[in-house]
Amino acid sequence: MNKRVLHQGDIALIDPEDLHEVTGCSNDTIHHAILFDPLLLSTTMKDAFQEDIVDHFLERRVGFTTVLSADRLAYSLVEAQVKDLIECLSHETEYSYYKAKVMLFQLFLTFYEMKLFIPKNANLNEEQRLGIDRYKTIQMYIEEHYKEEIHLEELAALIDCSENYVGRLFKRIQHDSPIHYLIQYRIEKACELLKNTTLSVLDISLEVGFTNVSYFIRQFKEYKKTTPLRYRKSFQSSR
């Protein structure tokens with residue numbers, strides 16, 4: 001539950017087991033995200049690259065440095081490689097996947113050469129890993145089905161656990177209930193539509209999963225401390 005403020009040009013690197021959220025500090029905040037499964041770099045041949053670099057990362061013996069800023073010695077090298085990756089993945093071609101995979105190998109080699117990997121001092125136990133995996137499963141389900149009616153019962157069935165367990169799990173990790181998380185996620189989606197479309201408040205409430213517009217406005221005011229229309233006007237006036 002640590003918070004880091006990123007500045008222009010900063011590179012954030014998130015280990016596979018780390019829960020995270022990126023929130024813009026202003027309406028014009030832009031960030032690029034490159035998501036990949038580390039197993040992508042694993043091979044059946046146990047060569048030096050596999051054993052010295054990939055295996056150490058997969059076995060969570062080492063992890064990424066959390067943030068690389070311009071004052072770090074290796075920043076310019078990593079920045080150039082990350083920008084190449086962004087460029088490659090932004091213009092999808094027949095060979096984009098292959099090129100991106102080669103670039104990831106190069107990025108991992110750079111981290112190894114420049115000693116940017118850090119030892120993982122506090123590895124999670126199996127119970128903690130299972131809890132995080134279950135949390136991610138529910139979180140992804142909510143974000144994929146937020147327009148639909150979602151009940152605690154179906155979230156519990158999703159991970160084959162009790163409803164009480166789901167509530168405790170979210171309270172421990174998210175410090176909130178799964179239903180409140182769903183509402184908040186719907187509100188954030190509504191904000192995007194208010195900023196980027198001319199849809200009415202009624203249409204937006206229905207689009208993001210609220211069947212009652214009065215309830216939507218009430219929830220919006222609770223989370224954003226303003227009405228949907230005032231939110232839209234404040235965004236338009238800032239342009």
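Tyr181 counts as buried, at 9% relative accessibility. The model is predicted. Tyr98, by comparison of category, is exposed, with a relative accessible area of 52%.

**Tyr181**
- Tyr181 sits in helix H7.
- The buried label applies because the relative accessible area of Tyr181, 9%, falls under the 20% cut-off.
- Ile142 lies 39 residues from Tyr181 along the chain, and the C-alpha atoms of the two are separated by 8.5 Å.

- Tyr98 belongs to helix H3, which covers residues 96-113.
- Tyr98 is called exposed because its relative accessible area of 52% is over the 50% cut-off.
- Together with Tyr95 and Tyr97, Tyr98 makes up a nonpolar patch on the surface.
- The accessible area of Tyr95, Tyr97 and Tyr98 together is about 390 Å².

**Second largest pocket**
- The volume of the second largest pocket is about 220 Å³.
- Its lining consists of 14 residues.
- Glu149, Arg186, Gly209, Phe210 and Thr211 are the lining residues nearest the centre of this pocket.
- Helix H7, residues 178-196, supplies the largest share of the lining, with four residues.
- By type, the lining of the second largest pocket holds six nonpolar, four polar and four charged residues.

Key: Residues numbered from 1 in each chain as written. Predicted model: local features only at pLDDT ≥ 70, side-chain atom pairs only at ≥ 80, totals over all residues. Heavy atoms only, no water. 1 Å grid on protein atoms, 1.4 Å probe; cavity = no way out; pocket = protein on both sides within 12 Å on 5 of 7 lines; lining within 4 Å. Points joined across faces, edges and corners; volume = space filled by probe spheres on them. Helix = DSSP H or I, 4+ residues; strand = E, 2+ residues; numbered from the N terminus. Nonpolar A, V, L, I, M, F, W, Y, C, P; charged D, E, K, R; others polar. Patch = residues over 30% accessible without salt bridge, like charges linked within 9 Å, V, L, I, M, F, W, Y side chains within 5 Å. Areas by Shrake-Rupley, 256 points an atom, 1.4 Å probe, with all protein chains shown as cover. Salt bridge = Lys/Arg side-chain N within 4 Å of Asp/Glu carboxyl O. Buried < 20%, exposed > 50% of the residue type's maximum accessible area, 1.4 Å probe, protein only.
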